[in-house]
Amino acid sequence: MCLLERLTFRFADVSIATNNSYRRIAIERGGMPPERVFVVRSGPSLERLKIVPPDEKLKLGKKYLVGYVGVMGRQEGIDLLLQAVKYLVHDLGRKDIHFGLVGGGTSLDEMKKLARELGVADFVTFTGRVPDAELLAMLNTAEVCVNPDVANEMNDISTMNKIMEYMALGKPMVQFDLTEGRFSAQEASLYAKKNDPVHFAVKIADLLDNPEQRARMGAFGRRRVQDELEWRYEAPKLLSAYDALWAKTQQRQQPAT
């Protein structure tokens, strides 16, 4: 795989990286000139991610809703999240929280089974893949959103769309302490110890019990998207990469003198 990666960078005219961590890989491991590597983040669109009134029915009678959106595979840490739910419900006695998990993936059925085994199925709704309107209803209703991505080498350097989607909707979040996750969210998130579901649960409880902190963190995230991370700030960077590609193509096509 590393050989194929080196060959890819060797023959590429330009490279598009989703963050500075991947840019460093292109330059240091791939040997690409820095001026040919462009960072284009997957910024959220505020035209799509609209703030709408909450739908209290989604809480299923609970006081609070915690929301998640994303793929459900092995690296997304849904098993760690469910362990955190177990700690909240059975150890801390928090029967006032419901969890709405939006998304599908290879581990969805396995996670539903795990929720039953952990005795928390009544506190978790798995929606599977749903239309945007249902996704937005869940996230807009949530007081807190979560990103339980497993702390590993890949996730540490990856920028996750769900983080910025939460921020676009003004939602505070809890996640494990990963390099690019912290860069994206900054003060919009609380950070749990890596792969520690108990600490993750404690952070969720702390945030739910502090409405002033939730409001402050949510407002920070929303401003960061509006002022820095929205797609309209990234589109010109993508166009710059295309311009560089076109210039290099034109240079190759010029006749030798």
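Analyst: On a 1 Å grid over the protein atoms alone, a cavity is a set of points where a 1.4 Å probe fits but cannot get out; a pocket is an open set with protein on both sides within 12 Å along at least five of seven lines, and lining residues have an atom within 4 Å of a point. Points join across faces, edges and corners, and a volume is the space filled by probe spheres set on them. The model is predicted: local features need pLDDT of at least 70, side-chain atom pairs need 80 or more, and totals for chains, interfaces and linings use all residues. Residues are numbered from 1 along each chain, and side-chain values use heavy atoms, without hydrogens or water.

User: How much space lies in the largest cavity?

Analyst: The whole structure was searched, and one cavity of 30 Å³ or more turned up. Its lining includes Asn147, Met160 and Gln175. The volume of the largest cavity is about 30 Å³.

User: Which residue of strand 7 stands opposite Asn147?

Analyst: Strands (DSSP runs of E, at least two residues) and helices (H or I, at least four) are numbered from the N terminus. Strand 6 (residues 144-147) runs parallel to strand 7 (residues 173-176), joined by three bridges; pairing takes at least two DSSP bridges. Opposite Asn147 is Gln175.

User: At what angle do helix 3 and helix 9 pack?

Analyst: Axes are lines fitted to C-alpha atoms, for helices over the stretch in contact, and angles run from 0 to 180 degrees between N-to-C directions. The axes of helix 3 (residues 78-91) and helix 9 (residues 197-208) lie 8 Å apart, at an angle of about 60°.

User: Which helix gives the largest share of the lining of the largest pocket?

Analyst: The largest pocket holds about 440 Å³ of space. Of its 18 lining residues, the closest to the centre are Val69, Gly70, Val71, Asn161 and Glu165. The largest share, three residues, comes from helix 7 (residues 161-168).
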